[in-house]
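Please keep the structure in view while reading.

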Amino acid sequence: MGKSWGRVLAPAVIIAATPLLIWNGFVQQVDASWGDVLLRLAGSPAAASLHQVVLAAIDDETASRCGPLPLRRALLAQGLEKLSRGEPAVLALDVLVAEAGEPAGDAALAAALRLFPRRVLAGSLESDGRRWILPLPALRQGAVMAHVHPAVDPDGTVRRAWLETEAAGRRLWALALEAARLANGAERPRETREALEMGNLRIPASGVGRPVVVRYAGPELTFARISFAAVMEGRIPPERFRGKIVIVGVTAQGSGDRHFTPFSVMSGPEIHANVVRAILDGDFPRSLGPGWELAISAAIVLACLVAVRRLRGARLALGLVAGAVAIPLACYAGLRHGLVLPPASFATVFVAASVVLGAGEYAAVAAALGREQVKRREYAFRVQAIAHELKTPLTAIQGGSELISESLVPEAQRAEMAGLIYKESKRLSGIIQTFLDVERIAAGSLDLDRRAVELEPLCAEVLDRARLYAARKRTRIEAHIAGGTIQADPDLLSFALYNLLTNAVKYSPAGSTVVMEAAPAAGGVGITVADQGYGIAPDEQERIFQRFYRLQRDRAGAEPGAGIGLALVKEIVEQHGGRIAVASKPGAGSRFTVTLPGEMHA
Ligand code: ADP
């Protein structure tokens, strides 16, 4: 389990953390700021509708010529009268004219306003948000009331517009929306969503205030701006306003109606101009929505996962750099196509996923390297064990041959030595053969010569040899083998059974009994070798089939062995499509059962 925790835990952590990574105040704030940068980079939109809006600005020049603001009503009326001569399409007056002034001035203003067939007047909410401050009743007549509230984000920037504001049971649409509506020839304000679906404008179906993201056309002064003083003084030909949407409002530096926008600090009337432009062009970038944000974040996590698993070194670095570049580019492209993507959210997910998944992968690879090292150490140990195993007969052979070569050795002893050399060299080649067989069978390169084999004669031959071996320990081998046929390679099978029998003798005290039996079993024929020996502890029973594994007890014990016999037996049995099992109790004995395809005779 512990071997691949990095590969499991890391993706789990990153998946669980994704919503937190994308939906927290900090990241969303960064998203907003990045969005501002992208918006500035995206440049100004098509020009036609830009020229449809003109600002008549009550600016610093107006203030210096006409006295302190607010502008006196009589002067406002005078300027509007001049302006009306140009017959603009719509007048949008972004000036609050709520409280009564000099009667003559108010009357002049009412008369001037009547010169505009389509006019929108600003209304505003009181600071407690409960009551509308609307123009004087005399001015209101024949005009459309609209709200002028900016949608200020928590960081103080105006990125969106409220298309409507509702208070005290009265809803006012935005000044920009009403101006655009009148310019488009929609005469009657109908307070239904469908009626407002003019041109390309998509009004949000729901949400308090129906906020829409505004794509600003550019910094301040992107729209034509004429000083109201110049209009009043007749320095501007009225033609400049023909057919235009004219927004009259205060832009003077000290006016207070100035806000941060993605471009710069901007006056209220200029913001309205941007909203009008956006409405005329239906140019409202859409936001992704939480579902898509999550889906894309998940895709980013997946891409990172594939990258850290599949790529290594320079390729991985290249992949990560490509991802880091792709995110802002994709967001930029999205904005150009009217889609606001959150670059910071995606970048945060990307960075967190690469770091966490990368760390997980690193841990997994390090663990694998560690395991490899352990294996190598084990292998070295085993090679040493084999070398040790080979050394014993070699020493005997060396000693024997040395003695023979001495001329003083009597003939009888010489013959004995030759016999010993012969025996030990046979043992040596036996060990080497077994070792090679283990390697070849494990590598799958030893071919089986399978055929129908009669069980009785095969077992009889193996028993003969095993009994010779058992005689040295005065161990009795009993056998109960009935007739049967199995599909097997006879040489390999007798090797396997011989190994089980000699093990049973080796790991039992002298004078005990070993029993071999054959009986029908699920899946064919079961051949059992049972002893009354030392037994094997339960936790070691699996491991005795591993190559070179010997019980602790036997590593330094009297019985020689390399711990490869059972590995070979298991390999042989499995190559035959069979299985091997052991049941054992320390101190009581062991019982090995080999099950092979075949059948017992009736
Ligand atoms: P070897 O006998 O050459 O050491 P094996 O692979 O045949 O190698 O056996 C592996 C180990 O399993 C032995 O070293 C011994 O510790 C244990 N073992 C095998 N057979 C028996 C048995 N019948 N009774 C008890 N222990 C056994």
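In this predicted model, Cys66 is buried, with a relative accessible area of 14%. Cys304 is likewise counted as buried, at 2% relative accessibility. A disulfide is a covalent bond between the sulfur atoms of two cysteines. For Cys304, the closest cysteine sulfur belongs to Cys331 and lies 15 Å away, so the two are too far apart for a bond. A search of the whole structure finds zero disulfides.

The next subject is the surface. Trp5, Leu9 and Val13 make a nonpolar surface patch of about 300 Å². Of these residues, Trp5 is found in helix H1, which covers residues 5-22. With a relative accessible area of 47%, Trp5 is partly exposed.

Charged residues form a further topic. Side chains of opposite charge can pair when their charged atoms come close. Across the whole structure, a search finds 27 salt bridges. One of them joins Glu126 to Arg131, with the closest N and O atoms 2.8 Å apart. Glu126 is partly exposed at 28% relative accessibility, and Arg131 is partly exposed at 46%.

Another salt bridge links Glu239 with Arg242, where the closest N and O atoms are 2.6 Å apart. Glu239 counts as partly exposed at 49% relative accessibility, and Arg242 is partly exposed at 38%.

Arg465 and Glu461 also form a salt bridge, their closest N and O atoms being 3.0 Å apart. These two residues stand four residues apart in helix H15 (residues 455-471), so about one helical turn separates them. Elsewhere, salt bridges with shared partners join Asp36, Asp153, Asp155, Arg159 and Arg160 into one network.

Definitions and conventions: Residues numbered from 1 in each chain as written. Predicted model: local features only at pLDDT ≥ 70, side-chain atom pairs only at ≥ 80, totals over all residues. Heavy atoms only, no water. Disulfide = S-S within 2.5 Å. Buried < 20%, exposed > 50% of the residue type's maximum accessible area, 1.4 Å probe, protein only. Patch = residues over 30% accessible without salt bridge, like charges linked within 9 Å, V, L, I, M, F, W, Y side chains within 5 Å. Areas by Shrake-Rupley, 256 points an atom, 1.4 Å probe, with all protein chains shown as cover. Salt bridge = Lys/Arg side-chain N within 4 Å of Asp/Glu carboxyl O.
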